[in-house]
Amino acid sequence: MKLQDLKDKTWETWLMLQKFAGVVVQPENFQPEVRAFGDLRYRDTWKRALGHFMALSIVRSVLEPVSLVTFYLNPPRDDWSWEVRRETFEAYIRIPGALDLIREGLNEIFGSPSSYQGEDLNGIFELVENSARVRGLLPRS
Amino acid sequence: MAFLNWWKTQPESEDYSLEVKGKLFPTATSSQPLAGADTARKDLGRAMHDKGADMRGAMDANHALETEILGNSAYELARELNSDVTERGAAMSHRALPKPAQEGLLAGRIRAKYDLQGTEIAQDDQTETNQQIEASMRQSGRETRKWLPW
């Protein structure tokens, strides 16, 4: 994704989040909120900000635990959000209680594997593994 | 606030799963999730995905459906009913809504799934696809709302 596209997606996602939160949109708040993630000239800043806004949107659109792990946190490769899946996941698991919902989703899938045949869970396991490495819980590969 | 206004006029009853006596609204832990609600939500999610909704399209369409059915989103409603709903609470708040609200959402999601499956959605342009899916779900929400008591 080009930097400009990344900025556009961040803006659109921020707007959506304001709508989900039921608040009046104050565009002047956008840049300061992004700046909290770093220097606006860097790509990583925008990726982290977009991941954060995505994670909050996911929580606020009150999703069911199975789609959470099979789709929203684990987007298909051709979805633009795939590129910020790590940032989204990292932001999501920092939200208190969010891990419970992931656990619930995985429990349900493992509890009745026949209902979920064909679901691609590799993505979510890759995210968990990556997250564990970042935190020093697994040796760096 | 359509649902909320109606709900405030309803007498308290066991039916609405009030566990804590003397409280006007159930707390986050006192409501029971409706059986089948997760399945309906999951099936609708799959239908949206099959019709080409991307991540944000699916979230937007879901928000439109909830707003049509309840008068505001499930998240907002949960916050109105429980001022102490945090982000954690929000993650679980679909289980904390009053039973009639959960029923409305369940009915709406089932209807939306069939409506969407029977709708031709062009998949050339992502924004256009998202908008068509959102429009279909908005309409399903409107139709469902007609036979709900609020």
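Tutor: Let's begin in chain B, where Asp124(B) sits in the loop that links helix H6 (99-117) to helix H7 (126-146); helices here are DSSP runs of H or I with at least four residues, numbered from the N terminus. This is a predicted model, in which local features need pLDDT of at least 70, side-chain atom pairs count only at pLDDT 80 or more, and totals for chains, interfaces and linings use all residues, while side-chain values use heavy atoms, without hydrogens and water. Residues are numbered from 1 along each chain as its sequence is written, and chains are lettered from A and ligands numbered from 1 in the order in which they are written.

Asp124(B) counts as exposed because its relative accessibility is 77% (exposed is over 50%, buried under 20%, partly exposed in between, with a 1.4 Å probe and protein chains only). Gly52(B) is 72 residues from Asp124(B) in sequence, yet their C-alpha atoms are 9.6 Å apart.

Now turn to helix H6 of chain A, residues 98-111. Its buried residues are Ala98(A), Leu101(A), Ile102(A), Gly105(A), Leu106(A) and Ile109(A). Down the axis of H6(A), they fall within an arc of 130°, so they line one face (the arc uses directions from the helix axis to the C-beta atoms). On the other side of H6(A), Asn107(A), Phe110(A) and Gly111(A) are exposed.

Ile102(A) touches Leu68(A), Val69(A), Leu73(A), Phe89(A), Tyr92(A) and Ile93(A), leaving aside residues up to four places away in sequence; contact means heavy atoms within 4.5 Å.

Methods:
Helices (H or I, at least four residues) and strands (E, at least two) are DSSP runs, numbered from the N terminus. The expected span of a helix is 1.5 Å times one less than its number of residues.
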